[in-house]
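Hi,

Here is the structure I promised to pass on. Have a look at it first, and my notes follow below.

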Amino acid sequence: MAKKHNYSAGPCILPDSVFKEASEAVLNFNGIDLSILEISHRSKDFVAVMEEARSLVKELLNLPSNYEVLFLQGGASLAFLTTAYNYLPEGGKGAYIDTGTWSSKAIKEAKHCGSVDVIASSKESNYNHIPTGYTVPSDADYLHFTSNNTIFGTQFQDFPSHENLICDMSSDIFSREFDASKFTMIYAGAQKNMGPAGTVLYIFDKDKLGKTGRDIPSYLDLGVHLAKDSMFNTPPVFSVYVSMLTLRWMKEMGGISAIQARNDAKAELIYKAIDENPLFTGHAQEDSRSKMNVTFRLTDDSLADDFNKLWQDAGINGLKGHRSVGGYRASMYNALPIESVKVLTEVMDEFARVKA
Ligand SMILES: *Cc1c(COP(=O)(O)O)cnc(C)c1O
């Protein structure tokens, strides 16, 4: 049976080779005649998985030696709160750029800890662009932003700067090269570009940790997890294992620069199809377009049933847009092959021909 062309926004497509190896490990991991799911997280076989996953992240992102990597639970949603606990001193202030649903949630959670200053927002235009022309107050303890807006299909093309820059990179980490040394902390839920749901990646400059003077509950304290090498409690072993396999795959593919070239080619194909086809229009402003999540709609909604039938018949899955934007969303994470993008753009071209 041919696999579907999977545009799911998350959890999402992973490389076929990863699915295959992961399924074998469920039955017999490393040839030890036990499943990865039934061994101790403190066994040498699993500790090696955790350590390889952490070191692959350091290697792929070229992290400076003072940067550390953890694989925790609670998703990016708990990271919204963890961020504030670890970087917002009592009486301090976090500056936030509001570029969509996930930034708004990050803002809401940070308010549990202290004062939040929303310094820019594109809410008025249904988040169709990345705001520019803002200033960060001089007394802000950190600047938080969401590099890629999974729901609205916008992406920072250049990053803001701040001495304490914090970023939710859930939906575009490992998709393009960037200078990680400019960030105090980065977090990313696994299920958009790295692995299955169940783990969230934290990357941080360990020299900047533990400066808030707060009494932090253990699970929310990155210092506690670091002291235990990401094994403070039972880690999500299978998510970490499959993430490690995907990280290995990224390295085999030639690393992030090679992945970025693939992603650029995919994005060029689909945006060309949207721009040249009179039946479709994009949601995001051109200067803010995401290469991971492409949001678009029909210029005539009455054609939706016909278009939906065409792409479903072509074996495409997960193209329906998020309810807050409507239309369609093509999520094109690292593992989505360019062949799948060609199938979609051919369906769009074919649709224009039959409706002409
Ligand atoms: C999906 C997503 C989240 C939420 O992640 P969970 O792991 O489900 O908590 C947060 N931020 C961004 C940018 C996302 O795409």
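**The pocket and its ligand**

Sixteen residues line the largest pocket, and those nearest its centre are Gly10, Trp102, Thr150, Gln191 and Lys192. Before you read on: this is a predicted model, where local features need pLDDT of at least 70 and side-chain atom pairs count only at pLDDT 80 or more, while totals for chains, interfaces and linings use all residues. Residues are numbered from 1 along each chain as its sequence is written, and side-chain values use heavy atoms, with hydrogens and water left out.

A pocket here is an open set of points on a 1 Å grid over the protein atoms alone, with protein on both sides within 12 Å along at least five of seven lines; a cavity is a set of points where a 1.4 Å probe fits but cannot get out, and lining residues have an atom within 4 Å of a point. The largest pocket comes out at about 240 Å³ (the space filled by probe spheres set on the points, which are joined across faces, edges and corners). Its lining has five nonpolar, eight polar and three charged residues (nonpolar is Ala, Val, Leu, Ile, Met, Phe, Trp, Tyr, Cys and Pro; charged is Asp, Glu, Lys and Arg; the others, Gly among them, are polar).

The ligand sits in this largest pocket, meaning that more than half of its atoms lie within 2 Å of the pocket's grid points. Around the ligand there are 13 residues, with Ser77, Thr150, Asp168, Gln191 and Lys192 the closest (a residue counts if one of its heavy atoms lies within 4 Å). That shell is made up of three nonpolar, eight polar and two charged residues.

Helix α3 (residues 75-87) is the top contributor to the shell, with four residues, and α3 also gives the most to the pocket lining, with three. Helices (H or I, at least four residues) and strands (E, at least two) are DSSP runs, numbered from the N terminus.

Now the polar contacts, which are pairs of N or O atoms within 3.5 Å. A polar side-chain atom of Asp168 is 2.6 Å from a ligand nitrogen. Ser77 brings a polar side-chain atom to 2.7 Å from a ligand oxygen, and a backbone N or O atom of Ala76 is 3.1 Å from an oxygen of the ligand. On its own the ligand exposes 390 Å², and the protein buries 88% of that (Shrake-Rupley method, 1.4 Å probe).

**Elsewhere**

There is one cavity of 30 Å³ or more. Among the residues lining the largest cavity are Ile13, Lys192, Trp249 and Tyr333.

Two backbone details to check: the Gly10 to Pro11 peptide bond is cis, with omega near -10°, and Pro11 lies in the loop between β1 (5-6) and α1 (16-27). Asn62, in the loop between α2 (44-60) and β2 (67-72), has a positive phi near 55° although Asn62 is not a glycine.

Cheers

Technical notes
A polar contact is a pair of N or O atoms within 3.5 Å; within protein, one must be able to donate a hydrogen and the other to accept it, and residues adjacent in sequence count only if both atoms are side-chain atoms.
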